[in-house]
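Please look over the sequence and the 3D structure shown below before reading on.

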Amino acid sequence: MTGLLIAAPSSGSGKTTVTLGLMRALRNRGITVAPGKAGPDYIDPAFHAAASGRACFNYDPWAMRPELLRANAAAQAADGETLIVEAMMGLFDGAMDGTGSPADLAAMLGLPVILVVDCGRMSQSVAALVRGYAVHRDDVRVCGVILNKVGSDRHETMLRGALDAIAMPVLGVLRQSAALTLPERHLGLVQAGEHGALDVFIGQAAMHVEQGCDVDAILSVTQSRPAGYMAAQVPSLKPLGQKIAVARDIAFAFCYEHLLSGWHRAGAELSFFSPLADEAPAGDADAVYLPGGYPELHAGRLADAALFKAGMAAARDRGARIFGECGGYMVLGEGLVAADGKRYGMLGFLPLATSFAERRRHLGYRRVIPLDASFFDGPLMAHEFHYATILSEGGADRLFDTADAAGTPLGPAGLRRGRVAGSFMHVIDMARSA
């Protein structure tokens with residue numbers, strides 16, 4: 001198996017577009033790509049899947065056990081595929097405790113790094129920037145750069161000259177292009193499933209990468225076999241049930257592929273349904289999972305989804321275990337106030353009311369201790385990212401005790417009423433053993 005990490009000095013450098021273009025360019029050449037995304041990203045993996053034609057796994061060096069990262073990499077690219085992982089934020093940016101950066105992941109998996117640099121407002125200074133990243137850690141190998149947003153031939157000559165002086169290979173030069181911009185909203189990029197011309201965009205990105213990058217040289221960088229991979233089975237989070245119905249549409253799209261894969265490997269049967277299409281979970285499901293997403297943008301449709309609501313009530317009444325995360329937690333509540341200030345009735349399974357009209361950002365890794373073993377047994381690693389506020393929350397047992405990445409206590413979170421539970425935490429993995 002071969003692989004590489006596409007990183008950048010900071011967010012906004014263009015690494016997502018470069019990654020999508022490279023994945024599609026390789027696919028066009030008949031090369032099978034195993035796509036990955038570093039960190040707790042819920043949106044980019046769908047773009048990676050569209051570009052590569054393969055399911056994308058998250059590789060989170062803070063929240064996931066090293067043995068799980070290695071095992072997933074080995075399993076995802078077991079047949080000789082090229083593992084291409086896009087970093088989050090800057091190469092050395094991690095959690096509050098200073099760990100969990102893309103550099104940590106590169107060192108852990110033995111992945112060479114290609115640095116995408118936004119050169120729109122610099123020339124010879126690029127050498128100082130790149131050299132600093134290249135020598136910052138001995139266990140991280142920056143093997144080349146892709147220069148992005150280059151303005152002209154003269155600009156390119158200046159950049160190349162500066163990098164020649166520090167013997168840093170230039171693997172690509174991409175010019176500024178308004179066509180290579182993806183729309184965003186409050187949690188990141190607008191979802192892949194909402195783009196009517198996504199394949200056209202990815203095709204344009206692939207064309208720019210083929211024209212501006214030395215794809216053969218990039219492939220040669222991946223030829224060093226990453227060290228330390230293991231194909232052994234690694235214990236995963238306990239499945240919610242034997243037959244798990246998973247909500248999946250643009251309102252419930254924030255679901256980690258490694259979580260579903262782990263449940264499947266543990267013997268669980270998975271089925272999928274769309275609340276936005278007014279579908280009910282499978283009638284024989286003994287568990288229902290409502291992932292995060294954008295229910296606040298579709299509150300009216302969810303409130304009117306009679307078959308979905310009836311199916312969820314039937315699942316609850318027959319004793320199925322029901323779990324909601326973030327957006328799914330909001331839908332398990334009694335009401336959701338949308339951006340226009342109108343309150344919509346949700347499932348009413350938990351004594352919870354939330355608002356997207358009153359916004360406040362909640363963002364960060366979480367250390368989570370379950371307060372009841374009905375859903376999870378043992379400490380967990382999780383992530384929280386939403387703008388919704390809680391209007392009321394009470395009258396049920398608390399689900400978790402939480403702390404931030406540095407271990408600072410944050411208090412209880414989430415609710416549990418019988419076999420129904422949820423919280424704003426996106427559970428990622430079980431905690432590392434001491």
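F323 has a relative accessible area of 1% and is therefore buried, where buried means under 20% relative accessible area, exposed over 50% and partly exposed in between, computed with a 1.4 Å probe on protein chains only. The model is predicted, so local features need pLDDT of at least 70 and side-chain atom pairs count only at pLDDT 80 or more, while totals for chains, interfaces and linings use all residues. Residues are numbered from 1 along each chain as its sequence is written, and side-chain values use heavy atoms, with hydrogens and water left out.

**Aromatic rings**

- Rings of Phe, Tyr and Trp (its six-membered ring) pair if their centres lie within 6.5 Å, and planes under 30 degrees apart count as stacked, over 60 as edge-to-face and the rest as tilted; the count by this rule comes to 13 aromatic pairs.
- Y289 and F323 form a stacked pair, because their ring centres are 6.3 Å apart and their planes are at 15°.
- The rings of F323 and F375 have centres 6.0 Å apart and planes at 40°, so this pair is tilted.
- F375 counts as buried too, at 2% relative accessibility.
- A cluster linked by ring pairs is made up of W263, Y289, F323, F375, F376 and F400.

**Strands**

- Strands (E, at least two residues) and helices (H or I, at least four) are DSSP runs numbered from the N terminus, and four of the five residues of strand 23 (residues 426–430) are buried, so this strand is largely enclosed by the rest of the structure.
- Strand 18 (residues 380–386) runs antiparallel to strand 23 and is joined to it by four bridges, where two strands pair if DSSP finds at least two bridges between them.
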